[in-house]
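Subject: Structure handover

Hello,

Here is the structure, with the notes on it below.

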Amino acid sequence: AGNYTTSYARAFEESSGVPVRLFRWSSENNHIGRADGAVRFLDEIASLDLPAGSRVLCCTHSHGGNVLALVTNLLGGDAGSRARFFSAARSFFRWPATGERDVGVWSRVRRRLRRVEHPWADLRLDVVTFGTPVRYGWETAGYGLLLHIVNHERLPGLQEHQAPFPPDSARMREGSGGDHVQQMGIAGTNLPPSVFTPSAWLADRRLNRLLQPGLDARDLFERLRLGVRVPEEGRVLLVDYGESEGGLGEHLAGHGIYTMKKWLLFHAEQAVRAFYSGGDSST
């Protein structure tokens, strides 16, 4: 539930004729988990040895979208920003307890980012996010095109793009009223790494200061009341999917609907219209 399966990827590949590759990350709801996912994504992209001018369509669910947001900042940011990122995470990939595999991945990506002013300059990432909570900023120079798709029901008395707070518990259980997880997963709702992994815990603390400067946890309730669905960058498509099928463990309070096969064609059509139909996709 709420994940891209092998059969989903196979169906996408067979129906579109486009080669599809699954990318897995830890899905940890913290900065170091997402940072590690971003570094591993760049390492995997580099391993594909794609020809110059390649375009890669990235379809990403939930905080996977924020992994890609970090990727765009690493690709499009300046050298100083990248250096601060790796410095903040240094305890995670330098301490022996992390393991050789982690050290190797992080070191390879850091070396490549240092080598040239615009790493991966011959690669274009077109990104579609599904139910990604509004958290990190996107770096325009780090992607080609950007589309956000969010399960949302417009309610009377609210702005067109606004979600109600607090959410209705009955509607959460039945999977109606939009994506309640996307609404609630904003900045300030992290789960810290285990205290038994001190290298990750310290890196997460340092990344928090870098990625969320000045964010006060005491203001979380007020931020949730804003009901923010729409990020500041990229095109946003608010879709009323209606009531979800199955129980809470299947639809995840409206958050798991994006990865269901019944919506695969619809989502592919939206990506084509937004990115590849020749229209203006800048707004």
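Buried means under 20% relative accessible area, exposed over 50%, and partly exposed in between (1.4 Å probe, protein chains only). This is a predicted model, in which local features need pLDDT of at least 70 and side-chain atom pairs count only at pLDDT 80 or more, while totals for chains, interfaces and linings use all residues. Residues are numbered from 1 along each chain as its sequence is written, and side-chain values use heavy atoms, leaving out hydrogens and water.

Aromatic rings

There are 16 aromatic pairs in the structure (rings of Phe, Tyr and Trp, the last by its six-membered ring, with centres within 6.5 Å; planes under 30 degrees apart are stacked, over 60 edge-to-face, the rest tilted). Phe275 is buried at 9% relative accessibility, whereas Tyr276 is partly exposed at 35%. Trp263 and Phe266 are also paired edge-to-face, at 5.9 Å and 75°; Phe266 is partly exposed, with a relative accessible area of 24%. Ring pairs also join Phe85, Phe86, Phe92, Phe93 and Trp106 in a cluster.

Confidence

The chain has a mean pLDDT (the predictor's confidence in each residue, from 0 to 100) of 90, and 93% of its residues reach 70 or more. Over residues 97-101 the pLDDT is below 50. Beyond near neighbours in sequence, that stretch has five contacts in the model (heavy atoms within 4.5 Å).

Regards
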